[in-house]
Amino acid sequence: MIKNSKILIADDEPRICSSLKSLLCSRSYEVQTCNSGNEALQHLAHDKFELVLLDIFMEDMTGFQVIETIKNQAIDTSVIIMTGNASTDSAVKALRMGANDYLKKPFESKELFTSVGNILNQRILKKKLTEIGRA
């Protein structure tokens with residue numbers, strides 16, 4: 001587990017944001033929440049987050065549109081897609097667009113912690129490999 005990593009939660013359901021924030025803060029992650037795709041992009045433009053937990057279906061834009069903007073603007077963050085309407089097609093689409101994982105709501109806290117931990121560890125390994133390549 002990588003403590004103090006910054007995580008952004010973007011979900012149009014405030015209760016979900018609050019619950020996920022409490023869970024992740026209990027593991028010493030620094031967490032911010034927002035309730036729309038536009039808000040998520042504003043946060044990402046002004047602050048650095050190692051990870052974004054992103055709902056697919058929000059009122060102003062889809063999680064897919066947010067991922068597309070993240071990739072087009074080369075924002076250095078990882079993404080976990082969350083959805084209550086999981087399907088094979090949406091999972092494949094999310095992963096092809098660059099999401100690092102896909103969670104079907106509701107999910108167990110253990111599943112969340114495992115996914116978050118794995119992705120943050122991968123980020124550290126990639127950074128170390130990049131540094132070794134420069135040496």
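**Pocket, helix cap and salt bridges**

Mentor: In this predicted model, the largest pocket has a volume of about 410 Å³. It is lined by 18 residues, and those closest to its centre are D76, R123, I124, K126 and K127.

Trainee: Which element gives the most to the lining of the largest pocket?

Mentor: That element is α5, which contributes 8 residues to the lining.

Trainee: How do you know whether S36 is buried or exposed?

Mentor: The relative accessibility of S36 is 14%, and buried means under 20%, so S36 counts as buried. The residue is found in the loop between β2 (30–34) and α2 (37–46), and, leaving aside its neighbours within four places in sequence, S36 is in contact with A10, M58 and D60.

Trainee: What makes S36 a cap of α2?

Mentor: A side-chain oxygen of S36 lies 3.0 Å from the backbone nitrogen of E39, and with this S36 caps the N-terminal end of the helix. A polar contact asks for N or O atoms within 3.5 Å, and the distance of 3.0 Å meets that limit.

Trainee: What makes the pair of S36 and D60 a polar contact?

Mentor: Here two side chains meet at 3.4 Å, a distance that also falls within the 3.5 Å limit.

Trainee: Why are the buried residues of α2 said to line one face of the helix?

Mentor: The buried residues of α2 are G37, A40, L41 and L44. Seen down the axis of α2, they fall within an arc of 95°, and therefore they line one face. As a general point, an α-helix has 3.6 residues a turn, so residues three or four places apart point the same way. On the other side of α2, Q42 and H46 are exposed, while the cover over the buried residues includes β1 (6–10), β2, β3 (51–55) and α3 (63–72).

Trainee: Why is the pair of D47 and K6 called a salt bridge?

Mentor: The closest N and O atoms of D47 and K6 are 2.5 Å apart, and the cut-off for a salt bridge is 4 Å, so the pair qualifies. The two residues belong to distant parts of the chain, 41 residues apart, with D47 in the loop between α2 and β3 and K6 in strand β1.

Trainee: How do you know which class of accessibility D47 belongs to, and which K6 belongs to?

Mentor: D47 has 31% relative accessibility, a value between the limits of 20% and 50%, so D47 counts as partly exposed. K6, at 15%, is under 20% and therefore counts as buried.

Trainee: What makes D76 and K48 a pair that ties together separate parts of the sequence?

Mentor: Their side chains meet in a salt bridge at 3.3 Å, N to O. D76 lies in the loop between α3 and β4 (78–83) and K48 in the loop between α2 and β3, so the pair joins parts that are 28 residues apart in sequence. K48, at 45% relative accessibility, counts as partly exposed.

Trainee: How many salt bridges does the structure hold?

Mentor: There are 6 salt bridges in the structure.

Key. Residues are numbered from 1 along each chain as its sequence is written. This is a predicted model: local features need pLDDT of at least 70, side-chain atom pairs count only at pLDDT 80 or more; totals for chains, interfaces and linings use all residues. Side-chain values use heavy atoms; hydrogens and water are left out. Helices (H or I, at least four residues) and strands (E, at least two) are DSSP runs, numbered from the N terminus. Buried means under 20% relative accessible area, exposed over 50%, partly exposed in between (1.4 Å probe, protein chains only). A polar contact is a pair of N or O atoms within 3.5 Å; within protein, one must be able to donate a hydrogen and the other to accept it, and residues adjacent in sequence count only if both atoms are side-chain atoms. Contact means heavy atoms within 4.5 Å. The arc is that of the directions from the helix axis to the C-beta atoms. On a 1 Å grid over the protein atoms alone, a cavity is a set of points where a 1.4 Å probe fits but cannot get out, and a pocket is an open set with protein on both sides within 12 Å along at least five of seven lines; lining residues have an atom within 4 Å of a point. Grid points are joined across faces, edges and corners, and a volume is the space filled by probe spheres set on the points.
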